[in-house]
Every structure is written in C-alpha cells, then in structure tokens.
Amino acid sequence: MPKNDSLESEQLTDATYYILLSLVQERHGYAIMQYVNDMTNNQFNLGPATLYTLLKKLDESGYIKQTESMDRKKTYILTEKGKILLEKELDRREKMVQHGREILQGELTPCF
C-alpha cells in the first residue's frame, strides 16, 4: 500500500499512529517529536520532514486541528474524528498482536 493511501484506508503508519497518540494533549511540533521519542524509549524517532508533512495531512483530513499557544507556536490537538480513528487503529493493532501470539504459541495454525 502506498504511504499516501494510509489515511484513506484508515490503516495508519507507525509515524501517524504515534503523532495521533501524542496529540491527545495539545503540543507543538518539537514537543510531539520529544514525546514520541520518550514514549518509545528512543526506539521510534520522528524527523521534522515526516512530522510536518503528516501534521499537514492530518489537519487537512480533520483528524487534528491547529491551535495557537500563548507563545505563538503552532500547536495541534486531536479532534473527535481523530480519536475515533485512533481507537479503530488500536483495535486493529491489538488483533494483529493477538494473531501473532496465537500462531507463535501454536494455538492457531497458519493456513498455507
């Protein structure tokens, strides 16, 4: 699946997933990068180009909205539409993990 289709298909890339998670609370760009880095114990890093490209797409799609903080930095927050998308993604990822555990524990036989 091309990266451009991830929002339309509602199957999020890891970067989009972490951005939405970070925006449950209002944050500016650098704070988003730091939050994701801290949340993942430095296992996932967002670069500025990826972050700002995705923020623009998420804002245009109505999943987040831009606000302005007191120090005039552009800040963003998750919208209700974004929260619904994030909840669907959590369900999808939980099912993926469940399938993997079942196969590895021998509870589910792969069909091939």
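The model is predicted, with local features requiring pLDDT of at least 70 and side-chain atom pairs pLDDT 80 or more, while totals for chains, interfaces and linings use all residues. Residues are numbered from 1 along each chain as its sequence is written, and side-chain values use heavy atoms, without hydrogens and water.

Helices (H or I, at least four residues) and strands (E, at least two) are DSSP runs numbered from the N terminus. Seven of the nine residues of H2 are buried, so H2 is largely enclosed by the rest of the structure. These are Ala-15, Thr-16, Tyr-17, Tyr-18, Ile-19, Leu-20 and Ser-22. Buried means under 20% relative accessible area, exposed over 50%, and partly exposed in between (1.4 Å probe, protein chains only).

The table sets out the two helix pairs; axes are lines fitted to C-alpha atoms over the stretch in contact, and angles run from 0 to 180 degrees between N-to-C directions.

| Pair | Axes | Angle |
|---|---|---|
| H2 (residues 14-22) and H5 (residues 80-104) | within 10 Å | roughly 125 degrees |
| H2 and H3 (residues 29-39) | 10 Å apart | about 105 degrees |

H2 is therefore roughly perpendicular to H3, whereas H2 and H5 are oblique to each other. Angles under 35 degrees count as roughly parallel, over 145 as roughly antiparallel, 65 to 115 as roughly perpendicular and the rest as oblique.

The crossing of H2 and H5 is left-handed, a term for a near helix turned anticlockwise from the far one by less than a right angle. Asp-14, Tyr-17, Leu-20 and Leu-21 of H2 make this contact (heavy atoms within 4.5 Å) with Leu-85, Leu-86, Glu-89, Leu-90 and Arg-93 of H5. Six of the residues in the H2 contact with H5 are nonpolar, none polar and three charged.

Towards H3, Tyr-18, Ile-19, Leu-21 and Ser-22 of H2 meet Ile-32, Tyr-35, Val-36 and Met-39. The residues of the H2 contact with H3 comprise seven nonpolar, one polar and no charged.

Tyr-35 lies in helix H3 and is partly exposed, at 33% relative accessible area. Not counting residues up to four places away in sequence, Tyr-35 touches Ser-22 and Arg-27. Tyr-35 and Ser-22 are 13 residues apart in sequence, with their C-alpha atoms 6.6 Å apart.

Thr-75 is located in strand S3 (residues 74-78) and is buried at 4% relative accessibility. The Thr-75 side chain makes polar contacts with the side chains of Glu-26 (2.8 Å) and Thr-67 (2.4 Å). A polar contact is a pair of N or O atoms within 3.5 Å; within protein, one must be able to donate a hydrogen and the other to accept it, and residues adjacent in sequence count only if both atoms are side-chain atoms.

How values were computed
Nonpolar A, V, L, I, M, F, W, Y, C, P; charged D, E, K, R; others polar.
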